[in-house]
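Trainee: Could you walk me through how to read the features of a model like this? I'd like the general idea each time, and then the case at hand.

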Amino acid sequence: MKKAIIDSFMYVLILAAIQIVVGTVTKFISQTADVTPMITTLCSVISSVLTIALFAWRKWTPMSGQYINQRPWFTQFWVICLALGSALPMTFFTEQAGLELPPDYTKLFKGMINSDLGFLALAILAPIAEEMVFRGAILRRLLDAFDKRWHWAAIVITAALFGIVHLNMAQGINAFVMGLLLGWMYMRTRSIVPGIIFHFANNTMAFFLYRLFPNAADKTLVEFYGGNMTNVLMAVAFSLMIFGAALYQLNFRLQPKR
């Protein structure tokens with residue numbers, strides 16, 4: 001168990017090291033000390049590609065087509081519903097808790113969305129890289145090391161690490177809750193595919209929302225819904241119904257790995 005925990009922290013440090021080195025080299029080549037949206041997007045793409053390649057090459061995240069070969073396509077529909085149903089309630093919770101994304105993060109986020117590489121960075125490469133690290137490598141090691149009765153602890157630890165690496169409370173809380181769902185799906189299937197699909201759906205929804213409504217990032221939910229809290233609560237309730245239905249379906253469809 002001790003080695004599994006050490007390995008888990010090592011994987012996080014490797015991820016951080018890749019991002020730091022790529023960021024430093026990119027800024028050196030571009031001859032700027034500023035962290036611009038374009039540099040952030042480029043660093044995200046390069047870091048994700050290097051992370052995916054390294055974790056696959058070192059086999060820290062075993063690659064197998066076993067889950068895909070089962071053709072669980074309708075199950076992935078419910079995974080997408082789970083992602084869509086959780087987004088609005090989590091946004092509502094973080095706002096009610098008084099948690100806000102730091103202004104610098106908001107500026108970079110909007111800049112990445114408006115970048116030509118934004119969708120590739122946020123919706124495709126980041127989900128694959130993060131699922132390979134946190135579920136395919138870290139959670140896999142912890143599940144193998146922990147007694148089955150303590151698998152919930154492995155999920156919580158992984159979710160906590162996933163939240164911490166986001167480096168701000170607003171995203172961190174959201175990532176922690178997301179990490180619990182992603183961890184549960186991985187524990188059931190021992191595949192990162194459902195997590196990638198969930199991650200993709202979540203990030204894609206955010207990407208196109210801010211593309212369609214450029215000022216949405218600067219508004220609260222109440223402001224977005226025209227100042228009507230009743231409309232916000234109805235939207236949250238509707239999202240929770242989608243979330244509940246998806247969770248119910250997935251509880252049966254994601255069969256425990258034996």
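Mentor: Let's start with a salt bridge, meaning a side-chain nitrogen of Lys or Arg within 4 Å of a carboxyl oxygen of Asp or Glu. Here K3 forms one with D7, and the closest N and O atoms are 3.1 Å apart. Before we go on, this is a predicted model: local features need pLDDT of at least 70, side-chain atom pairs count only at pLDDT 80 or more, and totals for chains, interfaces and linings use all residues. Residues are numbered from 1 along each chain as its sequence is written, and side-chain values use heavy atoms, with hydrogens and water left out.

Trainee: Where do K3 and D7 lie, and how many residues apart are they?

Mentor: The general idea is that an α-helix has 3.6 residues a turn, so residues three or four places apart point the same way. K3 and D7 are both in helix α1 (residues 2–30), 4 residues apart, or about one turn of the helix. Helices here are DSSP runs (H or I, at least four residues; strands would be E, at least two), numbered from the N terminus.

Trainee: Is D7 buried or exposed?

Mentor: Buried means under 20% relative accessible area, exposed over 50%, and partly exposed in between, with a 1.4 Å probe and protein chains only. D7 counts as buried because its relative accessibility is 10%. K3, at 56%, is exposed.

Trainee: Which other residue meets D7 in a salt bridge?

Mentor: R141 does, at 2.8 Å from N to O. This pair links distant parts of the chain, with R141 in helix α5 and D7 in helix α1, 134 residues apart. Both R141 and D7 are buried. For another pair, look at R190 and D144, whose side chains meet at 3.0 Å, N to O. That one also links distant parts of the chain: R190 sits in the loop between α7 and α8, D144 in helix α5, 46 residues apart. R190 is partly exposed at 29% relative accessible area, and D144 counts as partly exposed at 47%. Shared partners join K3, D7 and R141 into one network of salt bridges. In total, the structure holds 5 salt bridges.

Trainee: On to the nonpolar side. How many residues does the largest nonpolar core have?

Mentor: In soluble globular proteins, nonpolar side chains tend to be buried together. A nonpolar core is a set of buried Ala, Val, Leu, Ile, Met, Phe, Trp, Tyr and Cys residues joined through side-chain atoms within 4.5 Å. The largest one here has 54 residues, and F55, L82, F134, I138, M185, F198 and L250 have the most contacts inside it. Helix α5 (residues 118–145) gives the most to this core, with 12 residues. Apart from it lies another core of 6 residues, among them F92, V232, A235 and V236.

Trainee: What is F134 in contact with?

Mentor: Contact means heavy atoms within 4.5 Å. Leaving aside neighbours within four places in sequence, the partners of F134 are V12, L15, L139, T158, L161, F162 and V165.

Trainee: And helix α8, how does its length check out? What does it pack against?

Mentor: The expected span is 1.5 Å times one less than the number of residues. For the 20 residues of α8 that should give 28 Å, and its end C-alpha atoms are 28 Å apart, which agrees. Its buried residues pack against α3 (73–96), α4 (103–113), α5, α6 (151–164) and α7 (169–189). One of those buried residues is T204, which has 12% relative accessibility. T204 touches F119 and A123, not counting residues up to four places away in sequence.

Trainee: Last one: which residues other than glycine have a positive phi?

Mentor: Most residues other than glycine have a negative phi, and most peptide bonds are trans. K59 has a positive phi, near 60°, and R71 has one of about 55°. K59 is found in the loop between α2 and α3, and R71 lies in that loop too. K59 is exposed, with a relative accessible area of 65%, and R71 counts as exposed at 64%.
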